[in-house]
Amino acid sequence: MDNEFLKISEVIKPETVALEMNDVTCKAQAINRLAGMLYQAGHLTDLDAYIKSVYEREQLGPTYMGNFIAIPHGKCDAVKAAGVAFGLSKNSFQYETELGEGPVKLVFLLAIPNQMSADAYVAVLARLARLLVHEEFCLNLYNASSYQDVFNAILTGEKLLEDLSNSIS
Amino acid sequence: MKIVAITACAAGIAHTYMAAEAVKKAAREAGDEIKIEIQGAMGIENRLKQSDIDDAELIIFAVNISVRDRDRFSDKNPILIDPGEFISNPNKSLEKAKNSLLPKHRSL
């Protein structure tokens with residue numbers, strides 16, 4: 001099911017990666033910062049409407065995944081092209097949700113156009129979730145010092161997932 | 001060891017997939033044969049065949065909601081593990097599932 005859908009490596013851009021988020025001290029700052037980058041990179045028509053959709057999604061269930069990871073996301077009309085922003089905070093910041101909170105170092109913020117099918121939307125999330133289980137992938141992200149490092153980590157991770165799904169049914 | 005697993009999570013779409021990947025990863029590292037059914041937002045993915053279920057030496061339910069089509073497992077002994085726990089500690093959780101199985105085998 002994976003291959004027909006969007007890959008993170010296909011949508012991530014240098015303008016949507018922030019490796020120095022150490023000044024970020026809370027979830028709202030992180031989301032504002034990453035959403036701002038998606039806006040600057042031309043993914044959004046309306047920044048405020050998009051941020052609102054991210055918080056609406058947050059109400060539905062936690063996007064804090066444990067292991068220093070959060071994957072907030074928003075799907076709405078204000079998204080004109082699917083996008084992914086990535087932020088790294090080596091110091092970590094507190095990420096609070098309705099069902100618990102924890103320290104976060106890796107944040108992926110997804111912007112999903114409203115017309116994207118539910119299946120494609122879930123597939124993007126699923127792929128990212130699968131990637132984040134692999135320690136090598138997370139380690140590569142923790143140690144990233146350039147956009148190229150992040151991009152390579154994602155490419156390597158996606159390749160690993162493909163190899164795994166070919167070898168294990 | 002032949003293992004089948006089902007993942008399903010109340011907490012959200014992504015957790016279900018993370019749990020599936022965690023089970024897969026742990027099984028691969030332990031040299032086990034694994035088939036995983038994902039009960040997620042898109043319905044049932046990679047649905048297990050009855051023969052897979054019947055042949056399995058270990059059945060893991062990495063779920064915190066009820067399993068759909070539970071009747072396929074009516075005479076089985078699935079080991080229940082929280083998906084969040086599997087995500088945080090894949091190898092330990094798999095080990096725990098195997099250990100929960102052992103005493104029952106011994107008593108047979």
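**Close-up views of a two-chain model**

**View 1. Strand pairing in chain A.** V84(A) stands opposite L110(A) in β6(A). This is a predicted model: local features need pLDDT of at least 70, side-chain atom pairs count only at pLDDT 80 or more, and totals for chains, interfaces and linings use all residues. Residues are numbered from 1 along each chain as its sequence is written, while chains are lettered from A and ligands numbered from 1 in the order in which they are written. Strand β5 (residues 83-97) and strand β6 (residues 100-113) of chain A pair in the antiparallel sense over 11 bridges. Strands are DSSP runs of E with at least two residues, helices are runs of H or I with at least four, and both are numbered from the N terminus. Two strands pair if DSSP finds at least two bridges between them. Strand β1 (residues 17-18) of chain A pairs with β5(A) in the parallel sense, over 2 bridges. There, F86(A) is the bridge partner of V17(A).

**View 2. The sheet of chain B.** Five strands form an open sheet in the order β3-β2-β1-β4-β5 (chain B), with mixed pairing. β3 (43-45) and β5 (79-80) of chain B stand at the edges with a single partner strand each, so one side of each has no neighbour in the sheet. Strand β4 (residues 58-63) of chain B pairs with β5(B) in the parallel sense over 2 bridges. I60(B) stands opposite I79(B) in β5(B). Helix α1 (residues 13-30) of chain B packs on the sheet and touches β1 (2-8), β2 (33-40) and β4 of chain B. The direction of α1(B) makes about 175° with that of β2(B). Axes are lines fitted to C-alpha atoms, for helices over the stretch in contact; angles run from 0 to 180 degrees between N-to-C directions.

**View 3. The contact between the chains.** Chain A and chain B each bring 21 residues to the contact. Two residues are in contact if their C-beta atoms, placed from the backbone, lie within 7 Å. On the side of chain A that touches chain B, β2 (64-66) and α4 (118-133) each supply at least two residues. α4(A) gives the most, with 8 residues.

**View 4. Helix against helix.** α4(A) and α1(B) pack at an angle of about 40°, with their axes 8 Å apart. Residues of α4(A) in this contact include V122(A), L125(A) and R130(A). From α1(B) come, among them, Y17(B), M18(B) and E21(B).
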